[in-house]
Amino acid sequence: DGYNIRSNHQDGNALDFYALDPETGKASWDDGLMAQVAAAFLQAAIDAGYDVEWGGLWESLVDMPHIQWRL
């Protein structure tokens with residue numbers, strides 16, 4: 001496939017998102033807004049019985065707009 005390391009995105013196991021700024025109605029990568037969106041993703045996953053992780057909680061490489069299945 002020409003890649004040395006496959007991304008979880010390529011395998012359909014991850015997605016990146018942005019927050020919608022309620023004041024401007026535009027995309028935002030503000031940490032606080034991103035955390036709110038991530039909290040909604042995490043709660044929905046818990047409610048549905050899925051195990052996901054948010055890149056905003058990683059220690060080595062914080063990736064705020066990233067959600068993935070816990071593999």
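Where is Tyr18 found? Select it: Tyr18 sits in the loop between β1 (14-16) and β2 (19-20). Strands here are DSSP runs of E with at least two residues, helices are runs of H or I with at least four residues, and both are numbered from the N terminus.

Before continuing, please note that residues are numbered from 1 along each chain as its sequence is written, and that side-chain values use heavy atoms, with hydrogens and water left out. This is a predicted model, in which local features need pLDDT of at least 70 and side-chain atom pairs count only at pLDDT 80 or more, while totals for chains, interfaces and linings use all residues.

**The whole chain**

Display the protein chain as a cartoon. It contains 1 helix and 5 strands, and along the sequence these follow the pattern β-β-β-α-β-β. The C-alpha trace spans about 45 × 30 × 20 Å along its principal axes. Of the 71 residues in the protein chain, 27% are buried; buried means under 20% relative accessible area, exposed over 50%, and partly exposed in between (1.4 Å probe, protein chains only).

**The surface around Tyr18**

Return to Tyr18, which is partly exposed because its relative accessibility is 48%.

Next, select Gly32, which belongs to helix α1 (residues 31-48). Gly32 counts as partly exposed because its relative accessible area is 39%.

**The core**

Select Phe17, Ala19, Leu33, Met34, Ala38, Ala45, Val52, Trp54, Met64 and Ile67, the 10 residues of the largest nonpolar core. Two or more residues come from each of α1 and β4 (52-54), and α1 gives the largest share, 4 residues. A nonpolar core is a set of buried Ala, Val, Leu, Ile, Met, Phe, Trp, Tyr and Cys residues joined through side-chain atoms within 4.5 Å.

Finish at Val52. Leaving aside residues up to four places away in sequence, Val52 touches Leu42, Ala45, Ile67, Gln68, Trp69 and Arg70, where contact means heavy atoms within 4.5 Å.
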